[in-house]
Amino acid sequence: DLCSVRSGLLRFPVRGLCSVIHRKSPGLPRSALPCLHRLPVRTVSGVGGGDVPAGPGVSGWYSSLADSTPVHLCENFLVSVQQVSGLPWWLSIAVATVSVRTLITLPLAAYQLVIVSKVEALQVEISELAKRLRYEVSVRAREKGWTDKQSRFQFQKNLRRIVSQLYIRDNCHPFKASLLVWVQLPLWISLSLALRNLSLDHSALQCDLAAGGALWFPDLTSPDSTWILPVCVGLTNLLIIEVFSLQRISPTRFQKLVLNFMRGFSVLMVPIAATVPSSMALYWFTSSLVGFCHNLLLRSPVIRKILRLPTLQSDSPYRDLLSAFINKYCK
């Protein structure tokens with residue numbers, strides 16, 4: 001019971017908390033199917049049925065992952081987009097990436113923003129309830145002769161219960177904010193491995209991908225020797241991280257640690273992207289670029305009004321973001 005603090009079998013009321021907490025909460029196209037029958041990707045890519053030899057450095061778990069059902073489904077999706085649209089492979093990869101990011105990850109990113117906003121809005125209420133709870137525990141501690149350790153235990157136990165009840169009341173448990181990661185990361189890995197499989201020498205589509213590039217990367221099956229795509233991948237990821245960091249006025253120590261880790265990982269992605277087929281590097285760059293655009297879109301006052309999020313203090317968030325970026329990195 002949120003309205004009581006227990007000590008063994010003893011209970012005592014936390015006055016006024018009940019009325020605060022227990023209030024009501026506010027209420028693929030059919031034309032693509034023939035193509036898939038004519039061109040089964042599980043056979044075309046050559047990775048089905050254990051056709052990929054375990055070469056040097058290729059571990060068993062990696063081979064199993066590359067031959068998994070989600071990866072083959074992504075292969076089917078990529079081939080379907082290319083065959084139905086008739087676009088060259090480089091443009092087809094870009095279209096498929098924009099479609100996935102917009103139809104799947106953008107709604108999840110909006111949902112994550114809603115959850116985070118609710119959690120942040122609760123912090124003031126949690127702080128007030130914590131003060132009142134601390135007073136009630138101190139009164140009870142004097143009555144029962146609790147030690148400081150017992151008092152801290154009672155306070156922390158009941159505060160956790162109160163916070164949990166508040167999350168349930170507003171339907172905003174912080175774990176829900178991680179839903180985007182649990183969907184986006186497996187999807188990113190599956191699409192990356194699908195492009196890797198289609199770019200292999202024994203794939204029936206290898207020749208099409210080899211001639212399906214553009215500009216400085218005409219061959220999508222070989223790495224980008226100019227390093228333009230890898231550098232673009234790293235810079236775009238760094239830009240996303242820095243824009244995110246500008247939204248945090250006083251980040252915690254843990255948030256700073258995560259930001260530095262992500263910065264290091266973004267730099268590490270450059271040499272990695274330079275060793276994989278250009279099709280994968282193109283997908284990584286397009287995905288990061290679309291993700292950056294989505295982040296900017298979710299800062300729009302119109303979108304925030306649609307999502308019923310708290311309005312920003314400024315009517316020109318993009319101008320303020322640019323000014324903050326220039327002040328931090330260009331002065």
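Student: Which residues line the second largest pocket?

Tutor: Here is the general idea to start from. Rolling a probe the size of a water molecule over the atoms shows where empty space is left. In this predicted model, the second largest pocket is lined by Trp61, Tyr62, Leu65, Trp188, Ile189, Ser192, Leu193 and Met280. Its volume is about 180 Å³.

Student: Which element gives the most to that lining?

Tutor: Helix α8 does, with four residues.

Student: Now the cavities, please! What is the volume of the largest cavity, and which residues line it?

Tutor: The volume of the largest cavity is about 50 Å³. Among the residues lining this cavity are Arg101, Gln184, Trp188 and Tyr283. At least two residues come from each of α6 (89-144), α8 and α12. The lining holds four nonpolar, three polar and one charged residues.

Student: And how many residues of each class line the second largest cavity?

Tutor: Eight are nonpolar, one is polar and none is charged. This cavity has a volume of about 40 Å³, and α6 gives the most to its lining, with four residues. Val100 and Tyr283 are included in this lining, and they also line the largest cavity.

Student: Which elements have the lowest and the highest mean pLDDT?

Tutor: Helix α2 (residues 33-38) has the lowest, 36, and helix α12 (residues 278-297) the highest, 91. Over residues 1-44 the pLDDT is below 50. For the protein, the mean is 78.

Terms used
Residues numbered from 1 in each chain as written. Predicted model: local features only at pLDDT ≥ 70, side-chain atom pairs only at ≥ 80, totals over all residues. Heavy atoms only, no water. pLDDT = per-residue confidence, 0-100. Contact = heavy atoms within 4.5 Å. 1 Å grid on protein atoms, 1.4 Å probe; cavity = no way out; pocket = protein on both sides within 12 Å on 5 of 7 lines; lining within 4 Å. Points joined across faces, edges and corners; volume = space filled by probe spheres on them. Nonpolar A, V, L, I, M, F, W, Y, C, P; charged D, E, K, R; others polar.
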